[in-house]
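Welcome, and thank you for taking a look at this model. Please keep the structure open beside you as you read, and follow the residues from one paragraph to the next.

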Amino acid sequence: MYFFVVAFLVLLLDQLTKYYVVNHFYLGESVPVIKDVFHWTYILNPGAAFGMLEGSRWLFVLIAFFVLAALYYFRNDIKAGGWRFQYGAALFGGGAIGNLLDRMRSGLVIDFFDFRIWPIFNVADIAICVGVGLILWKILETEFLASKEA
């Protein structure tokens, strides 16, 4: 149950922030929040992380559907995996859906968090990264405990 709540909240926050940016900024506009440190910069990303594989819209759509199908297929394992695995999967799934919606609508992902030393990103990207981190943490913890017992 919490899986769906967390995934929905990620999706909602992602889509609301993107809606705000699209309706309050013009494309390419950059507004400093903390000058030379953090800006809100509205861009459209045609690729994946860091703009890689630009123009591969349908590949990313296919990957997102594969990820969502895998989350569904492994739902019982996720449920049994503990809170890190569950929340990680929910964050990952919610973020994947958020960016998938952008790709389905226009083929481009709306990005706006700009720390000037890192490529511009969005809420869905944060959720995906944190989700994968939680999943890896759980997997590494499980492997570490298993190796100590052996």
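Let us start with I117, which lies in the loop between β3 and α5 (123-149). Helices (H or I, at least four residues) and strands (E, at least two) are DSSP runs, numbered from the N terminus. I117 counts as exposed because its relative accessibility is 78%. The cut-offs are these: buried means under 20% relative accessible area, exposed over 50%, and partly exposed in between, with a 1.4 Å probe and protein chains only.

Before going further, a word on the model itself. This is a predicted model, in which local features need pLDDT of at least 70 and side-chain atom pairs count only at pLDDT 80 or more, while totals for chains, interfaces and linings use all residues. Residues are numbered from 1 along each chain as its sequence is written, and side-chain values use heavy atoms, with hydrogens and water left out.

**The surface around the loop**

I117 belongs to a nonpolar surface patch together with V33, I34, V37, F115 and W118, and the accessible area of the group is about 640 Å². Patches are made of residues with over 30% relative accessible area and no salt bridge; like charges are joined within 9 Å, and nonpolar side chains (Val, Leu, Ile, Met, Phe, Trp, Tyr) within 5 Å. Accessible areas come from the Shrake-Rupley method with a 1.4 Å probe, and for residues only the protein chains shown count as cover.

R116 is also found in the loop between β3 and α5. Its phi is near 70°, a positive value in a residue other than glycine. R116 is partly exposed, because its relative accessible area is 42%. Another positive phi in a non-glycine residue, near 65°, belongs to D36, in the loop between β1 and β2. With 58% relative accessibility, D36 counts as exposed.

**The sheet and its helix**

β2 (residues 38-45) and β3 pair over five bridges. Within this pairing, W40 stands opposite F113, and the bridge partner of N45 is V109. Contact means heavy atoms within 4.5 Å.

In a regular strand the side chains alternate between the two faces of the sheet. On β3, V109, D111 and F113 are on one side and I110, F112 and D114 on the other, and all of these are buried. Six of the six residues of β3 are buried, so this strand is largely enclosed by the rest of the structure.

**Salt bridges**

A search of the whole structure finds six salt bridges, each being a side-chain nitrogen of Lys or Arg within 4 Å of a carboxyl oxygen of Asp or Glu. Among them are these:

| Pair | N to O distance |
|---|---|
| K18 and D14 | 2.9 Å |
| R105 and D102 | 2.9 Å |
| R116 and D114 | 3.3 Å |

K18 and D14 both lie in helix α1, four residues apart, about one turn of the helix, and both are buried. R105 and D102 are separated by about one helical turn because they are three residues apart in helix α4 (residues 83-106). Here R105 counts as exposed at 55% relative accessibility, whereas D102 counts as buried at 1%. D14, K18, D102 and R105 are linked in a network of salt bridges. In the remaining row of the table, D114 counts as buried at 7% relative accessibility.

**The chain as a whole**

Five helices and three strands make up the secondary structure of the chain, running α-β-β-α-α-α-β-α from the N terminus. The C-alpha trace spans about 55 × 30 × 30 Å along its principal axes. Of the 150 residues, 37% are buried. The chain exposes about 9,500 Å², with carbon and sulfur atoms supplying 72% of this area. Among contacts between residues at least 6 apart in sequence, 65% join residues at least 24 apart.

Definitions and conventions:
Pairing = 2+ DSSP bridges.
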